[in-house]
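Thank you all for coming; I would like to take a few minutes to walk through one model with you. Please have a look at the sequence and the structure first, and then I will go through them.

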Amino acid sequence: MEPEKPEQPEPKTPVGLATRVREGMKEDLEAIKTKANKDNVKAEIENLKDPTKTQLYKSIFRVKHEPTPRSRSLGVLTNVFLHLHPAKINRDAVRFSYTWGMGGITFYLFIVLTFTGILLMFYYHPSKGQAYQDILYLENDVPFGKLLRNMHRWGAHLMVITTWLHMFRVVLTGSYKTPREFNWAVGVVLLTLTLLLSFTGYLLPDDQLGFWAVTVGTNMAKASPMLGNEGPFGAQAGMTPYNDVRFALLGGSIVDANALLRSYIWHCIAIPTIVSVLLAVHFWRVRKDGGISGPAPVMLESEMRAAGSRAVKGAAGK
Ligand code: HEM
């Protein structure tokens with residue numbers, strides 16, 4: 001007996017792309033005619049009167065914005081820009097009279113300096129013959145060159161002052177205490193780097209002021225303990241004018257072309273990069289340490305009045 005053959009499915013006639021598109025369109029047209037869809041269209045047109053109800057709005061802002069604390073928190077947390085801020089803060093901690101806004105102003109100045117610094121780089125060559133010529137060109141010929149240079153220069157002076165003031169306010173409000181010790185230490189490094197940014201920028205115009213400032217500064221470095229050839233225990237540590245910290249800073253034993261190039265690279269690349277990373281850590285720690293320290297929360301005058309009248313009404317009701 002011959003074995004039974006398994007049943008073969010009937011071969012389908014191939015459907016072309018044009019047919020499939022036509023069928024699909026027919027189905028879509030039928031769907032549009034249904035009542036449910038007509039209602040949807042009507043609702044969408046009605047929603048246009050209130051943009052927050054449209055599908056487009058909902059696809060961008062994924063949570064409702066009601067004036068409730070929960071909704072407000074969600075609004076902050078689900079927004080890429082706003083989520084950098086805490087969803088809730090102590091009102092009194094952000095009072096201008098408490099922080100003086102000094103940390104924020106310092107950060108703002110850092111941004112201004114980065115921006116103007118990048119623009120200055122378009123006009124500046126860190127080489128002995130060219131650097132000072134570039135400064136003269138900026139001052140006298142480049143449109144708004146003088147403004148650009150002075151924004152950078154005054155911004156730098158201001159940043160040094162505001163960083164000190166910020167540190168001063170942190171001391172006055174005792175904000176260096178537990179749990180903020182680590183952020184204080186990060187701040188100390190930031191202050192040092194801010195001063196180093198200022199110092200390395202000093203030499204770049206390659207004028208008399210910068211030359212002598214760097215001469216004095218690096219001469220001080222050669223007197224540092226262990227690392228400078230004239231400092232305490234320097235000789236014992238094997239330091240000479242040709243291998244000590246001054247030599248490393250200048251890229252030689254005199255203030256010359258190598259010193260200019262080293263200042264430029266520290267000033268424009270290395271220190272700003274380190275500062276940017278540390279600022280991220282600094283801000284992150286402010287959040288993780290429970291937000292800006294702040295005084296004990298107090299009531300607003302209006303809240304006191306409202307609470308007072310509630311108490312009076314309560315007493316009258318008894
Ligand atoms: C580049 C320099 C700096 C920037 C841009 C910066 C920025 C900030 C900002 C925006 C805040 C939030 C509170 C506020 O605005 O006062 C803050 C908080 C803080 N900063 Fe700085 N800071 C810098 C340097 C320093 C220095 C030099 C110190 C101290 C040595 C320091 C220690 C602190 C501490 C401890 C807090 C927490 C304060 C609190 O919770 O009340 N920062 N910083």
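Predicted model: local features only at pLDDT ≥ 70, side-chain atom pairs only at ≥ 80, totals over all residues.

As general background, nonpolar side chains in soluble globular proteins tend to be buried together.

If we look at A259 in particular, and leave aside residues up to four places away in sequence, A259 touches L203, V214, L250, G251 and G252.

That brings me to the helices: how do α9 and α12 pack? Helix α9, residues 181–203, and helix α12, residues 257–288, meet at an angle of about 155°, with their axes 9 Å apart. Since angles over 145 degrees count as roughly antiparallel, α9 and α12 are therefore roughly antiparallel to each other. Their crossing is left-handed, and the contact of α9 with α12 comprises, by class, 17 nonpolar, seven polar and one charged residues.

Finally, I would like to turn to E46, which lies in helix α2, residues 35–47. Is E46 buried or exposed? E46 counts as exposed, because there are 10 C-beta neighbours inside 10 Å, where the cut-off for exposed is 12 or fewer. The C-alpha atoms of E46 and L56, which are 10 residues apart along the chain, are separated by 14 Å.

Terms used:
Residues numbered from 1 in each chain as written. Axes fitted to C-alpha atoms, helices over the stretch in contact; angles between N-to-C directions. Helix = DSSP H or I, 4+ residues; strand = E, 2+ residues; numbered from the N terminus. Parallel < 35°, antiparallel > 145°, perpendicular 65-115°, else oblique. Left-handed = near helix turned anticlockwise from the far one by under 90°. Nonpolar A, V, L, I, M, F, W, Y, C, P; charged D, E, K, R; others polar. Contact = placed C-beta atoms within 7 Å. Buried ≥ 20, exposed ≤ 12 C-beta atoms within 10 Å, placed from the backbone.
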